[in-house]
Amino acid sequence: MYQRTITEAANATIFTREQMTGAYNNLFKSSEVFRQATEKEKVAMLDLSKTLEKATGVGLEQTNQAMRDLTLTFGQTTAE
């Protein structure tokens, strides 16, 4: 599943497989929401993270925090 998620994310964006692999590993380590997400949701999160990073200079850590905040805002809780 890991390889398929990375490949799907890279194929759907302008980012390389290596960039998506790094983003996947960082998100997996730091985000409970990411770890529990479906494959389709992970692809969307990877794309969002890399797009924000490229367009605004917002790093992955800030994106992770925003995802956690949005999850809590919409009434979901995580183990983080």
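Gln65, at 36% relative accessibility, counts as partly exposed, where buried means under 20% relative accessible area, exposed over 50% and partly exposed in between, computed with a 1.4 Å probe on protein chains only. The residue lies in helix 5, which covers residues 60-73. Helices (H or I, at least four residues) and strands (E, at least two) are DSSP runs, numbered from the N terminus. The C-alpha atoms of Gln65 and Gln3 are separated by 25 Å, and the two residues are 62 apart along the chain.

The model is predicted, so local features need pLDDT of at least 70 and side-chain atom pairs count only at pLDDT 80 or more, whereas totals for chains, interfaces and linings use all residues. Residues are numbered from 1 along each chain as its sequence is written, and side-chain values use heavy atoms, with hydrogens and water left out.

Turning to the fold as a whole, the secondary structure of the chain comes to 5 helices and 0 strands. From the N terminus on, the order of elements is α-α-α-α-α. The chain is as compact as a globular protein of its length, because its radius of gyration of 12 Å is close to the 12 Å that the globule rule gives for 80 residues. That radius is taken over C-alpha atoms, and the rule is 2.2 Å times the number of residues to the power 0.38. Along the principal axes, the C-alpha atoms fill a box of roughly 35 × 30 × 20 Å.

Of the 80 residues in the chain, 36% are buried. Among contacts with a separation of 6 or more, 47% come from residues 24 or more positions apart, a contact being heavy atoms within 4.5 Å. The chain exposes about 5,000 Å², with 55% of that area supplied by carbon and sulfur atoms; accessible areas come from the Shrake-Rupley method with a 1.4 Å probe, and for residues only the protein chains shown count as cover.

Helix 5 also holds Leu60, which is buried at a relative accessible area of 9%. Leaving aside neighbours within four places in sequence, Leu60 is in contact with Ala23, Asn26, Leu27, Ser49 and Glu53. The C-alpha atoms of Leu60 and Leu46 are separated by 9.6 Å, with the residues 14 apart along the chain. Beyond its neighbours within four places in sequence, Ser49 is in contact with Leu27, Leu60, Thr63 and Met67.

Charges come next. The chain has 9 positive and 10 negative charges, and their mean positions are 4 Å apart. In this count Lys and Arg are positive and Asp and Glu negative, while His and the chain ends are not counted; each charge is placed at NZ of Lys, CZ of Arg, CG of Asp or CD of Glu. Side chains of opposite charge can pair when their charged atoms come close. The structure holds 2 salt bridges, each being a side-chain nitrogen of Lys or Arg within 4 Å of a carboxyl oxygen of Asp or Glu.

Glu53 counts as partly exposed at 32% relative accessibility, whereas Lys50 is buried with a relative accessible area of 12%.

The side chains of Arg35 and Glu32 also meet in a salt bridge, at 2.8 Å, N to O. Because they are 3 residues apart in helix 3 (residues 32-36), Arg35 and Glu32 are separated by about one helical turn. Arg35 is partly exposed, with a relative accessible area of 31%, while Glu32 is buried at 16%. Not counting residues up to four places away in sequence, Arg35 touches Phe28, Lys29, Ser30 and Lys42. The C-alpha atoms of Arg35 and Asn25, 10 residues apart along the chain, are separated by 10 Å.

Lys42, one of the residues that Arg35 touches, lies in helix 4. With 5% relative accessibility, Lys42 counts as buried. The C-alpha atoms of Lys42 and Leu27 are separated by 9.2 Å, and the residues are 15 apart along the chain.
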